[in-house]
Structure formats: structure tokens, C-alpha cells
Amino acid sequence: MCIIKIKKNLIFSLFAITEVTEVTGANEDTGGSEVTEITVVNEISKCTEDIIVNDPKFLSSRKKWMILFIATFSGMLAPMTNTILYPALIQLSEEFEISEIAVNSLIFASLFFTGIAPIVWAAYSDRFATRRKVYLLSCIVFIIPTILCSIAESIWVLTILCAIQACGSSGMYSIGAGIISDIYCTKERGGAFGIFYLAYWFSNFIGTLSGGYIIQYLNWHWIFRILAIYGGFIFPFIIFFVPETFCQSTLTSQSKSSQNRFNPIAPLKLLAYPNVILVVIYVSFVSSILTIQNISVPRNFSARTYKLPPSSIGLLFLAPAVGYAIGSLVGGKYSDFVLQRARKKGESVYPEMRIKSAIVGIIIIPSSYLAYGWLLEHNFNIYPLMILWFLGAFGSLITFNSLSTYLVDVCPGFSASVVALINCIRLMIAGINAIVGSLLENMIGTGWFFTVISMACFIFTFLLVIVYFKGRQWQKIFFNGDS
């Protein structure tokens with residue numbers, strides 16, 4: 001008896017059995033044994049064509065650029081909705097006749113839900129294999145409460161609406177990052193994320209600057225009206241130009257959706273992945289330094305020997321804004337270049353090589369902030385201080401971009417979740433450091449304060465060294481296990 005077994009995997013195979021003919025009869029060579037004849041038709045061309053059509057990585061360059069533009073433009077809303085309110089706090093306090101602590105609760109609520117909400121959005125997106133539906137829903141969740149914010153008559157109503165608004169804007173940021181990961185392959189992803197993070201960080205400056213002009217010439221109601229118009233402009237672009245980009249086998253997707261329940265805190269499980277937790281700690285601390293300095297600058301440059309007016313202090317933020325722009329673009333392109341150069345040399349290419357591309361930024365960050373702190377302590381000329389601030393922002397974005405792209409690479413299928421996780425922890429650590437940092441600077445002085453920051457940044461660098469040498473081993477263990 002001749003037995004033939006054929007095992008077909010719908011996910012990994014490009015072969016399809018299209019015709020099976022069974023012939024049973026006597027065979028002269030086998031002495032009357034039954035013979036089963038199976039005819040298999042190979043349809044590699046047809047299957048390959050289907051994969052190319054369904055895989056968003058095979059979209060045309062024109063469509064990719066359009067999707068990247070929409071994701072970048074919508075991702076700017078998350079930081080902008082927070083920073084655009086800073087110039088309005090005094091006007092809100094006077095109009096509602098409330099204390100400074102009460103009006104600051106508006107910012108705290110917005111920041112808190114900007115960090116928390118993407119965890120739920122990303123968990124739903126990755127679990128049910130959909131980007132487009134979540135993207136549209138998060139946009140709606142942003143637009144409706146933003147319109148209601150413009151007519152709010154109580155600070156507490158405004159705070160609740162701003163919290164809901166933050167849920168929508170932060171969802172567009174995390175899902176937008178997931179979409180970029182879906183449509184670009186590894187060698188292109190760094191450059192795409194460079195553009196995405198460039199707009200994200202630069203929008204902090206745009207929000208503060210535009211908020212000041214709106215408050216000066218209009219009123220705080222117009223802040224929310226303009227933000228609502230912004231969201232309404234984006235919505236039709238998502239409908240008509242952003243397809244579903246989550247590429248997964250239909251069979252696999254259906255089985256996962258039916259067998260697994262939705263867990264809104266599922267992305268937190270990625271913290272059990274050493275590659276993720278160690279890199280996230282470093283990235284979050286470096287990002288929080290930017291927040292600390294943003295709070296420190298107005299206090300230091302409005303006093304000391306500088307005594308700058310508020311309008312001049314606002315212009316100082318051009319220095320880090322330019323650093324964000326250049327660092328984001330350079331970091332993304334250089335990260336891709338390191339991988340492509342290794343591939344051309346015939347070397348083994350692995351995600352941890354992106355950590356090597358962040359070395360320049362890792363060195364610049366502690367060095368620039370150490371020099372900045374002591375020069376400011378001695379009331380040095382403002383221009384070298386702005387150059388050092390630019391270098392700190394430049395190094396931070398090189399590092400942030402390269403390491404964020406690395407985390408996306410080592411978490412296949414969970415890109416939206418890992419980006420949401422970075423954002424969540426980053427904002428939480430930034431909030432804690434913003435409070436502790438102000439107290440510490442007042443206690444030990446500006447020079448020693450930035451010395452402590454620089455030393456901590458240097459110590460956290462060893463986390464990246466550990467990941468560089470152990471990352472590939474941890475990745476195999478993590479994805480081969482039950483987690």
C-alpha cells in the first residue's frame with residue numbers, strides 16, 4: 001500500500017491544491033494493491049498575485065506618501081491639543097474665577113488620557129486586525145468633544161471634555177504609527193517614522209505659538225473651534241484615502257477573533273519582553289528631559305540677568321524645534337542606512353543594529369545638558385545656551401526615532417501596541433519628572449540639577465548595551481514561548 005500525505009499551511013505556503021483525482025484499481029507492479037493517484041496543480045503565480053494585492057507593503061509609492069501624509073498630519077493633534085492650551089491657562093483662570101491648581105487640572109487630565117487611551121485603541125486594533133475602523137472612530141471621538149469644549153461654561157465640564165478629546169487625538173497618533181509600520185518594509189520604515197516623529201515633535205512648538213496668537217487676538221473658545229476644524233478636515237481624507245492596512249491571513253484573523261477575547265490592557269504584557277521594557281525605560285527618561293527643560297526655561301530666562309519678556313521666551317523654543325526637525329529626519333534615514341549598508345556587505349541584518357545607529361545621539365544628550373546646566377548657572381551668553389539646547393533636542397530625536405523603530409521591528413504584529421506603550425510610559429515619567437525636577441532644581445541649583453540628569457542618562461545607556469548583546473536571544477525566547 002502506498003500512502004501519500006500532503007500537509008498544507010494556508011499562511012506560509014504559496015501552493016494550492018486545485019484538483020484531486022482518485023483512481024482505484026489493480027496495478028501490475030504491486031500485485032493488485034490499491035493505488036491512489038493525486039494530481040496537484042501548482043498555482044504559485046495566482047497566490048503570489050493575491051498576496052501582492054492584499055499586502056499594503058506593495059502599495060504604490062504615491063499611495064504610501066498619501067497615507068504617510070494623513071497619518072503624520074493627524075498624529076500632530078496629540079501633542080498640539082496639550083501645548084496649545086498653555087497660553088490660555090491665565091485667561092481660563094480669570095474667566096472661571098478659579099485657582100491655578102484647578103486650571104492646571106485641565107492639563108493634567110489631558111496628559112493623563114493622552115498616555116492611557118492609546119493602550120486601549122492599540123489593543124483593539126492589534127487584536128481584531130483592523131486599523132481603518134479604529135482610526136475613523138478615534139477621529140470622531142476627537143471632533144465631537146472638541147466642538148462641545150468651545151461652548152463649555154464650567155471648568156469641570158471643560159476638563160471632562162478635554163479628557164475625552166485627548167482619547168481621540170492620542171488614538172490617531174498610535175494607530176497612525178501602526179499604519180506606517182504596516183505599509184513600509186524594514187529598510188524604509190526608519191525614514192517614514194523620521195517624518196512622522198518630526199511632525200509630532202515640531203507640533204509642540206506650533207501648538208504653543210498658535211495658542212499664544214489665538215489668545216492675544218481672539219479668545220480661548222477659538223482654540224477648540226480651530227482644533228475641531230482641523231479634525232473635520234482630516235476625517236474625509238481618512239475615509240477616501242486610507243485603506244485597511246492590517247495584513248493578515250483571513251483564516252488566522254477569523255480564528256483569533258473568535259477564540260480570543262479583547263483585553264484592553266493587553267499591550268502592557270509587552271513589558272514582560274526584556275527588549276521592550278529596557279528600551280522603553282531609556283526612551284521615556286530621555287523624552288522626559290525635554291519636558292523638564294521646557295518647564296525650566298521660562299522660569300530661568302524670565303529671571304536671572306536675562307529678564308526676557310514672554311514673547312521673547314516663546315521664540316527661544318525655536319532652538320529645540322529645529323533640533324527636533326533635523327534630528328528626526330537624520331535619525332530615521334541613518335537608521336535605515338546602517339541596515340542597508342550591512343545588507344550590501346552581505347552581513348547578517350538584525351533589529352539590534354538600529355541601536356548602533358543611535359550612538360551619536362546617546363553621546364550628545366548627556367554632554368549637551370551637562371554643559372547647558374553649568375553655563376546657565378553662571379548666566380552665560382544666551383546664544384551658546386540655545387546651541388546646546390538645539391544639540392540636546394537633536395540628539396534626543398536621533399535616539400528616540402531609532403529606538404522607537406527598533407521596538408516596532410522586534411514586536412511584529414503589535415506595532416500600534418508598542419507605540420502606544422512608549423507614549424503611555426513616556427508621558428507618565430515626564431509628568432513625575434516635571435514635578436520632582438522643579439523641586440530638585442530649586443534645592444540643589446541649576447548646575448548640579450543638570451549634572452544629576454546627565455549622570456542618570458549615562459547610567460541608563462547601559463540598558464541599551466544589554467539589549468544590543470542579548471536582544472536576539474530574548475526575542476527568540478519571548479515569541480517561542482506562551483507569551
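## Packing of helix 8 and helix 16

In this predicted model, helix 8 (residues 186-217) packs against helix 16 (residues 382-409) with an angle of about 130° and an axis separation of 9 Å. Angles under 35 degrees count as roughly parallel, over 145 as roughly antiparallel and 65 to 115 as roughly perpendicular; the two helices are therefore oblique to each other. Their crossing is right-handed.

On the helix 8 side, the contact is made by Thr186, Arg189, Gly190, Phe193, Gly194, Tyr197 and Trp201. Helix 16 contributes Leu397, Phe400, Asn401, Ser404, Thr405, Val408 and Asp409. Sorted by class, the residues of this contact are six nonpolar, six polar and two charged.

Arg132 lies in helix 6, which covers residues 132-149.

## Arg132: surroundings

Leaving aside residues up to four places away in sequence, Arg132 touches Ile238, Ile239, Val242, Pro243 and Glu244. With one of these residues there is also an approach to the backbone: the side chain of Arg132 reaches the backbone oxygen of Ile239 at 3.1 Å.

A further spatial relation involves Gly176, which is 44 residues from Arg132 in sequence. The C-alpha atoms of Arg132 and Gly176 are 9.6 Å apart in space.

Definitions and conventions: Residues are numbered from 1 along each chain as its sequence is written. This is a predicted model: local features need pLDDT of at least 70, side-chain atom pairs count only at pLDDT 80 or more; totals for chains, interfaces and linings use all residues. Side-chain values use heavy atoms; hydrogens and water are left out. Helices (H or I, at least four residues) and strands (E, at least two) are DSSP runs, numbered from the N terminus. Contact means heavy atoms within 4.5 Å. A polar contact is a pair of N or O atoms within 3.5 Å; within protein, one must be able to donate a hydrogen and the other to accept it, and residues adjacent in sequence count only if both atoms are side-chain atoms. Axes are lines fitted to C-alpha atoms, for helices over the stretch in contact, and angles run from 0 to 180 degrees between N-to-C directions. A crossing is left-handed if the near helix is turned anticlockwise from the far one by less than a right angle, and right-handed if clockwise. Ala, Val, Leu, Ile, Met, Phe, Trp, Tyr, Cys and Pro count as nonpolar, Asp, Glu, Lys and Arg as charged, and the others, Gly among them, as polar.
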